[in-house]
Amino acid sequence: KKLPLVWSDTKNVRWKVKLDGAGVSQPIVWEDRIFLTASDGRLNDRLHVYCYHRADGRLLWHTRLFGTAPTDLYPPGGMAVPTPATDGKNVYTLFGTGELVALDLDGKPVWIRSLADEYGPFRNRWGMGTSPILVGETLYVQVDHWSQSYLLAVDAGSGANRWKTDRPASVNWTSPLAVKVKDRLEIVTFGTNFVRSYDADKGHELWRVEGMHFQCIPSPVVM
C-alpha cells in the first residue's frame, strides 16, 4: 500500500491518546497490543506500564508499580527510559529505580525484582538508559554505572539469575546485542573504553577490543 508522506495534528492520524507521566522508552507492539512505560510522582517513583489496542488506541490495561530506589534522571525520561521487551507471553521492563518486572499480557505481575535492593541503586548521572533484550528464554540486562557494573542473564519465566558477570565499566547508556557466531551465541556490549563480548550461556568474557569512549551512548548493531 502507498504510505502517507504528510502528517498534521489530524491529517493521516488514525487515533491519538494523551500519555501521562515522564518517559522516553519506545513503544513495542505484539499483534493487536501496544505496550509502553512511564513514571511520575515527586521522586518519579510511581511506575506505569500501559497497554493500548493497536486499532483504535483504547486503553486495555494500566499496571502501577512502586519504585524502590529513584535516582538521578533525565527529566523528560523520568525513570522510564529503557524500552520493554515481549515474547507474546509476558512483557518485560526495566525502570531507572532498579525494578525489573515481568507482567502477563493482561497486566498482572508474573515476577518483580529490585536490582537496586540486590546490587545497589543505579548511579549514572542522567538515569538508566539500557534496555533489556530477550533471547529465547533469557533476558540480558547491562547495568553500567558509578558503582560496580555488571551484565545479568535472567530466566524469563521465573526471574531468577542464570548468571551475573561484573564488568570493569563506568557510566554508559547502551544496550547489549545478541550475535550468533558459528554455533555460539555471544552478548556484545559497548562500554568504557572497550567493546566486550560474553558467552551467552555462561557469562564469561570471550574477547574485547579497545577504542570506545569513556562513556558510551550508542548501542551495537551487526551488518
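**Sheets and cores in a predicted model**

Let's start with L100. Leaving out residues up to four places away in sequence, L100 touches T93, L94, W111, I112, R113, L115, V141 and V154. Contact here means heavy atoms within 4.5 Å.

A word on the source. This is a predicted model, where local features need pLDDT of at least 70, side-chain atom pairs count only at pLDDT 80 or more, and totals for chains, interfaces and linings use all residues. Residues are numbered from 1 along each chain as its sequence is written, and side-chain values use heavy atoms, with hydrogens and water left out.

Now the cores. A nonpolar core is a set of buried Ala, Val, Leu, Ile, Met, Phe, Trp, Tyr and Cys residues joined through side-chain atoms within 4.5 Å. Buried means under 20% relative accessible area (1.4 Å probe, protein chains only). The largest core has 15 residues. L94, L100, W111, L115 and F122 have the most contacts inside it. β6, β7, β10 and β11 each supply at least two of its residues. Strands are DSSP runs of E, at least two residues, numbered from the N terminus. A second, separate core has 14 residues, including I28, L65, A80 and V101.

Next, the open sheet. Its order is β5-β6-β7-β8, with antiparallel pairing. Two strands pair if DSSP finds at least two bridges between them. β5 and β8 stand at the edges with a single partner strand each, so one side of each has no neighbour in the sheet. Five bridges join β6 to β7. Y92 has A102 in β7 as its bridge partner.

Last, the hairpin. β13 and β14 form it, with two residues between them. K182 in the turn has a positive phi of about 55°.

Terms used:
Helices (H or I, at least four residues) and strands (E, at least two) are DSSP runs, numbered from the N terminus. Buried means under 20% relative accessible area, exposed over 50%, partly exposed in between (1.4 Å probe, protein chains only).
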